Amino acid sequence: MGFEYPFLLRGFLALSAVHKASLLAPSERQNLLLQADSHISHALDTYRKNLETPNVELAIPMFMLSSVILTYNFGSAQLERPEDPIRALHHCFMLLQGIKIVVIPHWDRIKDSSVFAHMT
């Protein structure tokens, strides 16, 4: 699906870079974290545009990207300790709310998809 929806591919690449960075020493992570930030920024640009003009055909990739964004934030918080952990946790709760915004209008389509079955 990532090749079909470049914004989703960017999310996968960002999450992959954070994962790979987690396997490196802190002094060797910077390049991968910069790549992750670039990919997630591009993915978020398209994500926000798609939120402004919802499209039922994008329901599943948008749900997947919203899940990737949440996981990305948890992963990157483990690598770069936030200055304000409570604020970082609040941000994750807000991301969960964002998933709800993406899911609710298209719940029937999402829950019946093979993607959802694999994710759960």
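Begin with helix α1, whose buried residues are covered by elements that include α2 and α3. Before going further, note that this is a predicted model, in which local features need pLDDT of at least 70 and side-chain atom pairs count only at pLDDT 80 or more, while totals for chains, interfaces and linings use all residues. Residues are numbered from 1 along each chain as its sequence is written, and side-chain values use heavy atoms, with hydrogens and water left out.

**First stop: helix α1**

Select residues 6-22, which form α1; helices here are DSSP runs (H or I, at least four residues), numbered from the N terminus, and strands are runs of E of at least two. Colour F7, L8, G11, A14, A17, V18 and A21, which are the buried residues of α1, where buried means under 20% relative accessible area, exposed means over 50%, and partly exposed is in between (1.4 Å probe, protein chains only). Because an α-helix has 3.6 residues a turn, residues three or four places apart point the same way. If you check the length, the end C-alpha atoms of α1 are 24 Å apart, which agrees with the 24 Å that its 17 residues should span at 1.5 Å a residue; the expected span is 1.5 Å times one less than the number of residues.

**Second stop: helix α2 beside α1**

Next select residues 30-52, which are the 23 residues of α2, reaching 33 Å from the first C-alpha to the last, close to the 33 Å expected at 1.5 Å a residue. Within α2, the residues L32, L33, A36, H39, I40, A43, L44, Y47 and N50 are buried, and the buried residues of α2 pack against α1, α3 and α4.

Now show α1 and α2 together: how are they arranged, roughly parallel or roughly antiparallel? They pack at an angle of about 155°, with their axes 8 Å apart, and are therefore roughly antiparallel to each other. Axes are lines fitted to C-alpha atoms, for helices over the stretch in contact, and angles run from 0 to 180 degrees between N-to-C directions; angles under 35 degrees count as roughly parallel, over 145 as roughly antiparallel, 65 to 115 as roughly perpendicular and the rest as oblique. To see the contact (heavy atoms within 4.5 Å), display the side chains on both helices, including F7, R10 and K20 of α1 and H39, H42 and T46 of α2. The residues of this contact between α1 and α2 divide into eleven nonpolar, five polar and two charged, where Ala, Val, Leu, Ile, Met, Phe, Trp, Tyr, Cys and Pro count as nonpolar, Asp, Glu, Lys and Arg as charged, and the others, Gly among them, as polar.

Select residues 59-79 for α3, which has 21 residues and reaches 30 Å from its first C-alpha to its last, close to the 30 Å expected at 1.5 Å a residue. Helix α3 is mostly covered, with 16 of its 21 residues buried. With α1 shown again, you can see that α1 and α3 pack at an angle of about 20°, with their axes 9 Å apart, and are therefore roughly parallel to each other. Among the residues that make this contact are L8, F12 and L15 of α1 and P61, L65 and Y72 of α3. By class, the residues of the contact of α1 with α3 divide into 14 nonpolar, five polar and no charged.

The contact includes F63, S66 and L70 of α3 and C92, L95 and I99 of α4, and by class it has twelve nonpolar, four polar and no charged residues.

Zoom in on S66, which lies in helix α3 and, at 3% relative accessibility, counts as buried. Not counting residues up to four places away in sequence, S66 touches Y47 and I99. Then centre on L96, which lies in helix α4 and is partly exposed, with a relative accessible area of 40%.

**Last stop: M119**

M119 and M64 are 55 residues apart in sequence and 8.9 Å apart in space, C-alpha to C-alpha. Leaving aside neighbours within four places in sequence, M119 is in contact with F63, M64 and S67.
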